[in-house]
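Hi everyone, thanks for coming. Please have a look at the chain on the screen, and then I'll walk you through it.

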Amino acid sequence: MPAWSEAQASEIIRRHLAREGALLPILHDVQAAFGCVPAQAVPLIADALNLTRAEVHGVVSFYHDFRDKPAGCHVLKLCRAEACQSMNQKATEAHAKQKLGVDFHGTTAYGAFTFEPVYCLGNCACSPAAMIDGRLYGRLTPDRFDALIAERQPSKTNGSKQ
C-alpha cells in the first residue's frame, strides 16, 4: 500500500463531499488507498464533514471492516455466531490462535495473516465458517484450517507470496 498522503486523502474526501451520507464512502476509499484508515485521516474527514473526531473514530471502530493499521497479506475472519459455536467453533478458534500465534485483531509476525472475529458469515448450514480474503469456507475443522493456511503460506523455495 502507498504511504500516507494528505493530498491523496483530501482528494478522496473532495470526491465524496456532495454525497448524502459521505462518511462511509470516504472511509472505504481511504482504506482502499492506504490499507487502513490512518489516524492522520480522521481530523481531515471530521473537518470536511463537520463532524467531531470522536464521531469519525466511532464509526471506524464500530464497523469491523475498517481498521486503523494495515492488515496482513491475507485476512482471515472466523465466525463466532451461535450456529458456528454449536458446531465446535471454539475448538477451531483455539486451534487457529495457537497455529497463527495471534489473538483476534492480531497480525502474524511476518504479516502473512490478520485474524479477525465476525459474528455471522451467513453460512450457518455449513458451520463452523470462516472467510479468507473474501472467500467463504464451511465445515471448518482444525485440519481443514491448517490446509487452508498452508495454501497461503509464502513458498519455501522462492519466498513469493501466494
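Predicted model: local features only at pLDDT ≥ 70, side-chain atom pairs only at ≥ 80, totals over all residues.

Now the overall layout. You can find seven helices and five strands in the chain. Going along the sequence, their order is α-α-α-α-β-α-α-β-β-β-β-α. The C-alpha trace spans about 50 × 40 × 20 Å along its principal axes. The chain has 162 residues, and 43% of them count as buried. If we take the contacts between residues at least 6 apart in sequence, 57% of them join residues at least 24 apart.

Let's go inside. Which residues have the most contacts inside the largest nonpolar core? They are Leu 27, Val 30, Val 37, Ile 45 and Val 56, and the core has 19 residues. Helix 1, helix 2 (23-34), helix 3 (41-49) and helix 4 each bring in at least two residues of this core. Helix 2 gives the largest share, with six residues. Setting aside residues up to four places away in sequence, Ile 45 touches Ile 13, Leu 23, Ile 26, Leu 27, Val 30 and Val 56. There is also a second, separate core, made of 16 residues, and Leu 78, Leu 100, Ala 130 and Ile 149 are among them.

On to charges. The chain carries 17 positive and 16 negative side chains, and the centres of these two sets lie 6 Å apart. How many salt bridges does a search of the whole structure find? The search finds eight.

Here are some of them. Glu 11 and Arg 14 form a salt bridge through their side chains, at 2.5 Å from N to O. These two are three residues apart in helix 1 (residues 6-16), so about one helical turn separates them. Glu 11 counts as partly exposed, because its relative accessibility is 33%.

Compare that with the salt bridge between the side chains of Glu 116 and Arg 67, at 2.4 Å from N to O. This pair links distant parts of the chain, 49 residues apart. Glu 116 belongs to strand 3 (residues 113-118), while Arg 67 sits in the loop between helix 4 (53-62) and strand 1 (74-79). Are Glu 116 and Arg 67 buried or exposed? Both of them are buried.

Then we have Arg 152 and Glu 151, whose side chains meet in a salt bridge at 3.3 Å from N to O. Arg 152 is buried, since its relative accessible area is 13% and the cut-off is under 20%. Glu 151 is partly exposed, with a relative accessible area of 46%. Elsewhere, salt bridges with shared partners tie Arg 80, Glu 93, Lys 97 and Asp 103 into one network.

Next, please zoom in on the loop between strand 3 and strand 4 (130-132), where you will find Asn 123. Asn 123 is buried, with a relative accessible area of 16%. Apart from neighbours within four places in sequence, Asn 123 is in contact with Ala 129, Leu 136, Tyr 137 and Gly 138.

Ser 127 is in the loop between strand 3 and strand 4 as well, and Ser 127 is buried, with a relative accessible area of 8%. Ser 127 and Tyr 137 are ten residues apart along the chain, and 8.8 Å separates their C-alpha atoms. Neighbours within four places aside, Ser 127 is in contact with Ala 83, Cys 84, Met 87 and Arg 139.

Now for some backbone details. Most residues other than glycine have a negative phi, and most peptide bonds are trans. With that in mind, look at the bond between Ser 127 and Pro 128: it is a cis peptide bond, with omega about -5°.

Which phi value does Asn 50 have? Phi of Asn 50 is near 55°, which is positive. Asn 50 lies in the loop between helix 3 and helix 4 and is exposed, with a relative accessible area of 72%. Arg 139, which we met as a contact of Ser 127, also has a positive phi, near 50°. Arg 139 is in the loop between strand 5 (135-137) and helix 7 (142-152), and Arg 139 is exposed, with a relative accessible area of 54%.

Definitions and conventions: Residues numbered from 1 in each chain as written. Heavy atoms only, no water. Helix = DSSP H or I, 4+ residues; strand = E, 2+ residues; numbered from the N terminus. Buried < 20%, exposed > 50% of the residue type's maximum accessible area, 1.4 Å probe, protein only. Contact = heavy atoms within 4.5 Å. Lys, Arg positive; Asp, Glu negative; His and termini not counted. Charge placed at Lys NZ, Arg CZ, Asp CG, Glu CD. Salt bridge = Lys/Arg side-chain N within 4 Å of Asp/Glu carboxyl O. Core = buried A, V, L, I, M, F, W, Y, C linked by side-chain atoms within 4.5 Å.
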